[in-house]
Amino acid sequence: MTNRTVLISGASIAGPALAFWLSRQGYAVTVVERSPELRAGGQAVDFKGATHRFVLERMGVLDEIRRHQTGGLDQTIVDAEGRPLAVLPGEFTGGDVEIRRGDLARILYERTERDCEYVFGDSIASLTESADGVDVTFERGAPRRFDLVFGADGIHSTVRRLAFGPEAGYVKHLGHYYALVETGETDGGPAVMYNEPGRMAATGGPKANAFFVFASPELRYDRYDLEQQKEILTTAFDGGGWRLPELMEMVKRSDDVYLDAIARVTMDGYSTGRVALLGDAAYGNTLAGFGSGLAVVAAYVIAGELAAANGDHGLAFRRYDEKFLRYAKVTRNANAGPFLAPPTNLRIKLRDQMFRRRLLLRSMLWMTDRLATDITLDEYPALARLD
């Protein structure tokens with residue numbers, strides 16, 4: 001087998017999932033992660049449909065994910081006085097199984113840490129590809145050479161920028177931002193959501209996060225500046241009703257705030273030479289509920305195609321592109337921003353009424369399941385032997 005050494009940028013979901021499959025085929029896998037350690041908590045992610053379950057079962061992690069699941073609970077939409085207006089069913093918000101991103105990352109890390117090299121607190125600085133490998137420099141570590149490089153480093157992917165071009169050529173702002181804030185509340189109470197035109201706040205439930213969405217043109221800010229993110233968020237929710245003043249005070253005191261745009265990545269292919277992308281780096285971040293599923297399925301397909309091609313990355317990456325350009329189409333028109341934070345009071349009321357119509361809700365659930373399973377996965381005998 002050719003292409004024995006692999007570098008993966010990103011240690012959230014897509015990266016460790018790919019590391020799982022490749023290390024068990026005999027690849028020497030290094031995972032580099034900008035953060036100094038695994039990021040705990042974070043937004044809940046979910047899996048839905050037979051395709052997602054198939055891959056998780058093949059990895060042997062489905063039962064453990066279920067033991068740490070957070071989903072299945074209804075969320076009540078309330079008015080400014082806290083009176084219930086509608087209920088978002090748990091089956092709609094949590095898929096078949098829901099888990100906090102940090103818990104999932106930890107599960108995948110624990111399955112791979114003994115077989116892979118993890119380098120935290122560093123990032124790729126440059127990529128120089130030649131006929132027989134990729135020379136990589138790092139922001140902190142010494143230069144190294146790898147046979148293959150994978151970008152699983154999110155919507156602001158460094159690997160995509162270095163291998164494909166500037167972010168502006170691939171990432172489109174979709175008119176909204178979202179934020180996750182650890183408020184310090186040990187028990188946030190029942191899961192509730194509150195709307196005003198162009199903004200939404202949600203608290204409570206087992207996630208113990210505060211989750212915010214607000215409409216905004218594209219902003220220029222330092223994504224690593226905590227105080228700047230706090231200022232943007234508190235300004236966006238200034239003058240709000242319900243618990244918003246109280247929550248904004250919690251934001252000011254929090255040392256764990258994550259703010260980013262709801263955006264879409266559009267690409268004609270996910271590989272170039274010895275470099276390939278997967279996860280949000282390739283398919284975007286629309287908060288539509290498909291990101292984690294796309295990530296783990298992509299890891300399975302990439303590893304399977306490399307095995308089927310006996311390590312021929314050119315052939316394997318072409319097959320991966322062919323399969324995923326179709327499967328990832330679910331993200332091309334998705335944008336959860338106007339749904340979570342409708343622009344007018346009328347649109348908010350119409351959205352709420354949808355959850356009272358069971359037939360319409362069942363139709364939406366059927367559609368999401370169909371989109372999540374809209375790919376035919378090969379068995380990949382080399383991967384099946386890993387059971």
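User: Why is F339 called partly exposed?
Analyst: In this predicted model, F339 has a relative accessible area of 25%; buried would require a value under 20% and exposed a value over 50%, so F339 falls in between and is called partly exposed.

User: Why is F355 called buried?
Analyst: The relative accessible area of F355 is 4%, and because buried means under 20%, F355 counts as buried.

User: What makes the rings of F339 and F355 an edge-to-face pair?
Analyst: Their centres are 6.0 Å apart, which is within the 6.5 Å limit for a pair, and their planes stand at 65°; since an angle over 60 degrees counts as edge-to-face, the pair takes that label. F339 belongs to helix α12 (residues 337-340), whereas F355 lies in the loop between α13 (345-354) and α14 (358-372), so the pair ties together parts that are 16 residues apart in sequence.

User: Which label does Y300 receive, buried or exposed, and why?
Analyst: Y300 has 0% relative accessibility, and because this is under 20%, Y300 counts as buried.

How values were computed: Residues numbered from 1 in each chain as written. Predicted model: local features only at pLDDT ≥ 70, side-chain atom pairs only at ≥ 80, totals over all residues. Heavy atoms only, no water. Buried < 20%, exposed > 50% of the residue type's maximum accessible area, 1.4 Å probe, protein only. Phe/Tyr/Trp six-rings, centres within 6.5 Å; stacked < 30°, edge-to-face > 60°. Helix = DSSP H or I, 4+ residues; strand = E, 2+ residues; numbered from the N terminus.
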